[in-house]
Amino acid sequence: MHVWIVAMLVISALLILRDMAKTIFSLRQRPEDVPAGQIFGQPQKERVERYAQAFRKLADTFYGMPYRRDYLSNEQAEDVVWQTYEQVCANCHQRQECWEGEQRLRLGVRLVRAMEGGREEKRKELKKQWKGQCVHSYQFTQELDHFFQREREKLVWDNRMIENRLASAQQFSEIAGMLERVAWELSEIVQPSRGFADELRYSLKKKGLLVKSVWIMEREGSRKQAYLTLQAKNGQCVSTLEAAEVLSELWECPMVPVNTSRCTINGEAHTVHFTEKMTFQVLHGVAKIPKDKERVSGDSYVCCQEEEGQFVLCLSDGMGSGMEASKESGMVVELLEQFLESGFTNEAAAKLVNSAVILKRQDDMFSTMDLCTIDLYTGVCGFLKAGAAATFIKRDQWVEAIASTSMALGITDQIDLEVTSRKLYHGDVLIMVTDGVLDALPLEKEEETMKEIILQVHSQSPREIGRGILDRVLSYCDHGARDDMTVLVAGIWKK
């Protein structure tokens, strides 16, 4: 537990670094002798790069340590035999005759390997062979089994420690990757030309806004972004949308403040982040029911829009049902949301969550993860699954299933992720479900039956679509939920 807490504290501190660095840039003023367009953040960029190198090196150090083993080493197997010898044979008058040479040691090691591999017939054969050569054979084989089990338990704990170390190494590696991306982003934040800055200041002044600083990201093949530190004149209160209108006219493309920025600007200076207006919007709804006789569902979900124009939907199914399952799945979606908001990629965030689940894991509690991220500029939807049920896309009278055969989070440090993508269009509907929904449908026909159910629901509201699907699924199991059931629906439309 202490390892998990320390790891989470380290990650939480570093997650703040990205926003801090951008804030530093946005608050800086350009000296008169610095040419317009010059990158001002080189010292910060180099510092972040050094942080990344330090974490990369730390991860490599962890990866360079011994890996887990499923079997005892030869030295450990021989040590089991010698411990048994000390316990049983030390005071036997025949020990020198019995243990002369290495024949008896080799026989003991073979017996250990037979126990280790669960080969009962071979084990009986070797015990019979030992019985013919030892007057204390019963006592010896009993003690051998005792010392073997103790060494085996030690191996299990060693492997658990190795898993925790590899999970920490995975975290350090992903943090290094995130810091490298932040360093690159910092190098892309520049000040505009003097002509653009002067025209922007003049236009915003007519709106009652004073410009304290301007930083922009404008490169070919990427969306325009601007960080403006603004202050309203004479105690006024000005909407950030008015500043966005001025930027839109100057850049000749629609600009809007990001959803996490302020709505209004008052007499205090505040930095507002503006980006290009998105093409699509998403509405979502959910229908869920806990397992019979349970008050709390073990399924958790989150839906949110990120600064970079990504709409995120995540659904997690905790192992079992009830409060414990709810806590596990809730931790998964909360951590994933935090990592994505902090700039990690989908796969990096999923790996970090998996590491956290491994470090925290108790009593073999696992959770699935079903992640969909919709690019609101292009309509491309990315799917990332870890042990999750199929996701469905409805377009007019056609339904496609996105299935997965990957394992759940927390089973292994080398997480098995299945990643794919689809292009969504105006009016498409995305349906995400937990396995309790599909398991209620006819065996081996779950996906086909679900497609038929989806086509039978003609509602337009995502919430009503979810309710309609859940009602029809419950009719297949006499309206009794044998497991937690959740249907998360999202519709995409052009603005």
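Strand β11 (residues 380-386) pairs with β14 in the antiparallel sense, over 6 bridges. Strands here are DSSP runs of E of at least two residues, helices are runs of H or I of at least four, and both are numbered from the N terminus. Two strands count as paired if DSSP finds at least two bridges between them. The model is predicted: local features need pLDDT of at least 70, side-chain atom pairs count only at pLDDT 80 or more, and totals for chains, interfaces and linings use all residues. Residues are numbered from 1 along each chain as its sequence is written, and side-chain values use heavy atoms, with hydrogens and water left out.

The chain holds 14 helices and 16 strands. Of its 495 residues, 51% are buried. Buried means under 20% relative accessible area, exposed means over 50%, and partly exposed lies in between (1.4 Å probe, protein chains only). Among contacts with a separation of 6 or more, 73% join residues 24 or more positions apart. A contact means heavy atoms within 4.5 Å.

The β11-β14 pair belongs to an open sheet of 5 strands, in the order β8-β9-β10-β11-β14. The pairing is antiparallel. Strands β8 (299-305) and β14 (418-423) form the edges, and each pairs on one side only. From one strand to the next, the twist averages 10°. Axes are lines fitted to C-alpha atoms, for helices over the stretch in contact, and angles run from 0 to 180 degrees between N-to-C directions. Helix α10 (residues 322-341) lies across β8, β9 (310-317) and β10. The helix runs at about 15° to β8.

Another open sheet has 5 strands in the order β7-β16-β15-β12-β13, again with antiparallel pairing. Its edge strands, β7 (280-289) and β13 (398-402), have a single partner each, so one side of each is left without a neighbour in the sheet. The twist averages 20° from one strand to the next. Strand β12 (residues 391-395) joins antiparallel β13 through 5 bridges. Phe392 has Ala401 of β13 as its bridge partner. Helix α13 (residues 446-456) packs on this sheet and touches β12, β13 and β15 (429-433). Its direction makes about 140° with that of β13.

Strand β10 (residues 369-375) contains Asp375. Asp375 is buried yet has no salt bridge. A salt bridge is a side-chain nitrogen of Lys or Arg within 4 Å of a carboxyl oxygen of Asp or Glu. The nearest side chain of opposite charge is that of Arg223, 4.4 Å away. For charge, Lys and Arg count as positive and Asp and Glu as negative, while His and the chain ends are not counted. A polar atom of the Asp375 side chain lies 2.8 Å from the backbone nitrogen of Tyr377. For the backbone nitrogen of Thr378, the distance to a polar atom of that side chain is 3.3 Å. Beyond neighbours within four places in sequence, Asp375 contacts Arg223, Gly309, Gln310 and Val380.

Glu151, in helix α7 (residues 137-188), is also buried without a salt bridge. Lys154 provides the nearest side chain of opposite charge, 4.4 Å away. Neighbours within four places aside, Glu151 contacts Leu72, Gln76, Asp79, Val80 and Gln83.

The whole structure has 12 salt bridges. One of them joins Arg395 and Asp428, with the closest N and O atoms 2.8 Å apart. This pair links distant parts of the chain: Arg395 is in strand β12 and Asp428 is in the loop between β14 and β15, 33 residues apart. Arg395 is partly exposed at 24% relative accessibility, whereas Asp428 is buried at 2%. Lys122 and Glu125 form another salt bridge, at 4.0 Å between the closest N and O atoms. These residues are 3 apart in helix α6 (residues 120-131), so about one helical turn separates them. Arg113, Glu116 and Arg152 are linked in a salt-bridge network.

Most residues other than glycine have a negative phi. Glu444 has a positive phi of about 65°. Glu444 lies in the loop between α12 (435-439) and α13, and is exposed at 74% relative accessible area. His479 has a positive phi of about 60°. His479 sits in the loop between α14 (462-474) and β16 (485-494), and is exposed at 57%.

Terms used
Polar contact = N/O pair within 3.5 Å; in protein donor to acceptor, adjacent residues only side chain to side chain.
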